[in-house]
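Visitor: I would like to learn how to read a few features of a model. Please give the general idea each time, then the case at hand.

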Amino acid sequence: MEHTFAIIKPDAVAKGHIGAILSLMQKEGFVIKAMCMARLSKHEAEGFYAEHKERGFFGSLVTFMTEGPVVLLALEREDAVAHWRKVMGATNPANADEGTVRKLFAESIERNASHGSDSPASAARELGYFFRSYDLS
């Protein structure tokens, strides 16, 4: 079994899509190993997205991710990283496949409803950023 990290972002939380997104996760065979709702501080968001610090969208990303609560999730299933990325859909919802999280719930390329780790190494780092290891056992 593999773990991945997911976030239900502030736009989807504000619009009441938490339940629908969790339902999609479970229908796709994900086991929710840990979950919490949080409001990220500027410091937490900047640390989490530090790899994007030099990119032009960094400031707006941090502002967006701190504008309201998010749901942080540790997910488990076979091929979890790749499968969650498939279920999320393309970053730009206009390019996302029908039935994906982003096609169903995202507003734009920036307000795109969900986050998912892009590799097993990123998943390990991102999970460790928000969850203690014993939360995943």
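Visitor: Which residues have the most contacts inside the largest nonpolar core?

Guide: A nonpolar core is a set of buried Ala, Val, Leu, Ile, Met, Phe, Trp, Tyr and Cys residues joined through side-chain atoms within 4.5 Å; buried means under 20% relative accessible area, exposed over 50%, and partly exposed in between (1.4 Å probe, protein chains only). The largest one here has 21 residues, and Ile8, Ile21, Met25, Leu73, Trp84 and Val101 have the most contacts inside it. Two or more residues come from each of E1, H1, H2, E3, H5 and H6, with H2 giving the most, five residues. Helices (H or I, at least four residues) and strands (E, at least two) are DSSP runs, numbered from the N terminus. This is a predicted model, in which local features need pLDDT of at least 70 and side-chain atom pairs count only at pLDDT 80 or more, while totals for chains, interfaces and linings use all residues. Residues are numbered from 1 along each chain as its sequence is written, and side-chain values use heavy atoms, with hydrogens and water left out.

Visitor: What is Val101 in contact with?

Guide: Contact means heavy atoms within 4.5 Å. Leaving aside neighbours within four places in sequence, Val101 contacts Ile21, Leu24, Trp84, Val87, Met88, Ala106, Ala113 and Ser114. Another core, of 18 residues, lies apart from the largest one and includes Phe5, Ala34, Tyr49 and Ala74.

Visitor: Which residues of H2 are buried, and which are exposed on the other side?

Guide: In helix H2 (residues 18-27), Ile18, Ile21, Leu22, Leu24 and Met25 are buried. Down the helix axis these fall within an arc of 155°, so they line one face of H2; the arc is that of the directions from the helix axis to the C-beta atoms. Gln26 and Lys27 are exposed on the other side of H2. Among the elements covering the buried residues of H2 are strand E1 (2-8), helix H1 (10-14) and helix H6 (101-105).

Visitor: Which residues of H4 are buried?

Guide: They are Phe58, Leu61, Val62, Phe64 and Met65. Their arc is 160°, so the buried residues of H4 line one face of the helix. Their cover includes E1, H1, helix H3 (42-48) and E3.

Visitor: Which residues lie nearest the centre of the largest pocket?

Guide: Rolling a probe the size of a water molecule over the atoms shows where empty space is left. On a 1 Å grid over the protein atoms alone, a pocket is an open set of points where a 1.4 Å probe fits, with protein on both sides within 12 Å along at least five of seven lines; lining residues have an atom within 4 Å of a point. Of the 26 lining residues, Lys9, Tyr49, His52, Phe57 and Thr91 lie nearest the centre. Helix H4 (58-65), H5, strand E4 (114-116) and H7 each give two or more residues to the lining.
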